[in-house]
Amino acid sequence: MTNESQVKRDSVRNSNGSVIQAENIRKLYGDFAAVDGISFNVEPGETYGLLGPNGAGKTTTMRMLSGLSPVNSGDINVAGIDVVKDNRAVREVMGVVTQHDGLDNGLTVFQNLFLHGFLAGLSRKGSKNRAHEVLEFFGLRDRSKANVYELSGGMKRRLAIARSMMTSPTVIVMDEPSTGLDPQSRNRVWEELAVLKDAGVTVLLSTHYMEEATILCDRLSIMDHGKILDEGTPDQMIERHAPKEVAQLRVTPASLRTVREYLDERSITFREVGALVSVTGVNGDRPDLSGLESVEGVRTSYRAGNLEDVFLSITGRELRDE
Amino acid sequence: MNRAIPTPGIRRRSVTGLWLRHAVSFVRYWKFVITWVLIEPVIILVAVGFGVGKLIGSVEDGVSYAEFVTPGLIIGNAMFHALFETSWNAYNRIDNDVYETALTTPITVTEITMGDILWAVTRSILTVVGTAIVAAMFGWLNGWEAIGILIPAVMVGITFGALGFLFSAVAPHTTFLTLVFTLVASPMFFFSGSFFPISILPDWVEPIAWVMPLTSAVHIARGFALASFDMSHVWAAVYMIVFTAIIWPIAILLLRRRLIK
């Protein structure tokens, strides 16, 4: 966030110009491949997303990239550092936001930041000054002396992100930055991530929120069962895999049978998610649903295809299947 | 096979940074911690020294029971502090992802154990110094040689600091950690020659008592307290060093298995 760190930021690249370079990385737990040979690059200043359901291997991937978990095979380079050979050096340049915040409940907000900065290698004075800066930036200054356990979930998340910025990193990885937050706190986190991006920070994040990936990511990968299924910008992915338009029928329980029969008779494929029946047109044609207009308790609307549809189309499963 | 995580050298800031974290947290809660560092051991010291001491009179020639029991109690209490730090407190740090967060900085698991054990040593010294001053005021520690008790205090911090990790690193839940006290701390506290000379135990129990590292620590402390030494004190020190040299690497291995997946 200062000129000095901006200079540092511009100078750290891998030999192929990227900031994060993962090549065919694998992680086995016994016979189970949590991450099964994935490759991707994150370019300087880019926000890159790993989108996938729980258990897809996102967290394991991020842990390997940040030097917290050894790989079984493959190569990782971050800011010119060979992470497989030197997992300590990568933790000097990378900021990490772990999934569960990992805040220290025995300490105040300020102490959490100060002691993290000191442990990371800043001088005592340097860490104190930086903690004040970061608190200011994340709008947490008036909570400086609060106990961590007194904070709301959104504030804890922002403090965890603030902590990762203590060393003015050029690149940060965030494991599900907004999982479990209410919509308001989520917006706040997204806002702050946008500012970091403006400041030139390279961000790798994982998420299972379609909306989050769409809003934040320049590019993303769809992950499932430890593999990357496809990669591109959100628009490219939607173009490639999602229907242009999806009809959504809000259906009352009483009318559900009529709707099913109507669709079945015309061999229109559909899927049901709760009280919502989604119908995807074939070849971009709007399916003929005119006969349903007269059915009581059915409301029809149309929306554009999104990343949720992309995931469904690639994997045959809902992103939010648990 | 996972590729091994290299740990090139020891990064000093990792150790001092973790130590400072513990110190800051300790100072925040000093009102509570002081009860254990000073008040509790003094209560036990007074009860045993004045109470039991009155019944017993002297143990060896010219040594009152209070003088005999003081170094044992001081060192036994230090053991509780060191053990608690790296078992109970360390378990909470595992459970609350404090180490997980620390590991996002350039720290290794070996350095985590070093920082924590350094803090265990600090706690051991604090409680030993505090309690020893009170004992000296009662006249139960005489002579400048008693300052040497700081040496077994440091040793106890290291040995039992390392030992505590063997439990926290494998504990599935906090109830498991009660084993530290029922299986390790309490038997040692009562059978390590703190309260009575282990020579009065049955012959077959005596070697078992010497296996427990606290016995050696108490023996050394008593040497300083009573200003009488022989080769047995050297062997006791050697035993503690060897014991620690074996369990510390095991502690690192177990903790690494827990934290690095």
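Modeller: Start with a contact. This is a predicted model, where local features need pLDDT of at least 70, side-chain atom pairs count only at pLDDT 80 or more, and totals for chains, interfaces and linings use all residues. Residues are numbered from 1 along each chain as its sequence is written, while chains are lettered from A and ligands numbered from 1 in the order in which they are written.

Biologist: Which residues does Asp218(A) touch, not counting residues up to four places away in sequence?

Modeller: They are Glu46(A), Thr47(A), Tyr48(A) and Thr233(A). Contact means that two C-beta atoms, placed from the backbone, lie within 7 Å. Asp218(A) itself sits in the loop between α8 (210-216) and β9 (219-224) of chain A. Helices are DSSP runs of H or I with at least four residues, strands are runs of E with at least two, and both are numbered from the N terminus.

Biologist: How far is Asp218(A) from Arg317(A) in sequence and in space?

Modeller: The two are 99 residues apart in sequence and 24 Å apart in space, C-alpha to C-alpha.

Biologist: Why does Asp218(A) count as partly exposed?

Modeller: Count its C-beta neighbours. Buried needs 20 or more other C-beta atoms within 10 Å, exposed has 12 or fewer, and partly exposed lies in between, with C-beta atoms placed from the backbone. Asp218(A) has 15 inside 10 Å, so it falls in between.

Biologist: Now Asn24(A) and Glu176(A). What makes Asn24(A) exposed, and what makes Glu176(A) buried?

Modeller: Same test. Asn24(A) has 12 C-beta neighbours inside 10 Å, so it counts as exposed. Glu176(A) has 23 other C-beta atoms within 10 Å, so it is buried.

Biologist: What is phi at Asn24(A) and at Glu176(A)?

Modeller: Most residues other than glycine have a negative phi. Asn24(A), in strand β1 (residues 20-29) of chain A, has a positive phi of about 55°. Glu176(A), in the loop between β7 and α7 of chain A, has a positive phi of about 50°.

Biologist: Why is α6(A) called mostly covered?

Modeller: Ten of its twelve residues are buried. Among them are Arg157(A), Leu159(A) and Ile161(A). The buried residues pack against β6 (94-97), α4 (109-120), α5 (124-137), β7 (171-175) and α7 (183-198) of chain A. In chain A overall, buried residues make up 44% of the 322 residues.

Biologist: How do you describe the packing of α6(B) and α10(B)?

Modeller: Packed helices are described by the angle between their axes and the distance between the axes. Axes are lines fitted to C-alpha atoms, for helices over the stretch in contact, and angles run from 0 to 180 degrees between N-to-C directions. Helix α6 (residues 150-168) and helix α10 (residues 231-259) of chain B pack at about 35°, with their axes 8 Å apart. The contact includes Met155(B) and Leu166(B) of α6(B), and Phe243(B) and Trp248(B) of α10(B). It divides into 14 nonpolar, two polar and no charged residues. Nonpolar means Ala, Val, Leu, Ile, Met, Phe, Trp, Tyr, Cys and Pro; charged means Asp, Glu, Lys and Arg; the others, Gly among them, are polar.

Biologist: Which hand does the crossing of α6(B) and α10(B) have?

Modeller: α6(B) passes α10(B) in a left-handed crossing. That term means the near helix is turned anticlockwise from the far one by less than a right angle; clockwise is right-handed.

Biologist: Last, how many residues does each chain bring to the contact between A and B?

Modeller: Chain B gives 26 residues and chain A gives 26. On the side of chain B, the largest share, nine residues, comes from α1(B). By class, that side has ten nonpolar, nine polar and seven charged residues.
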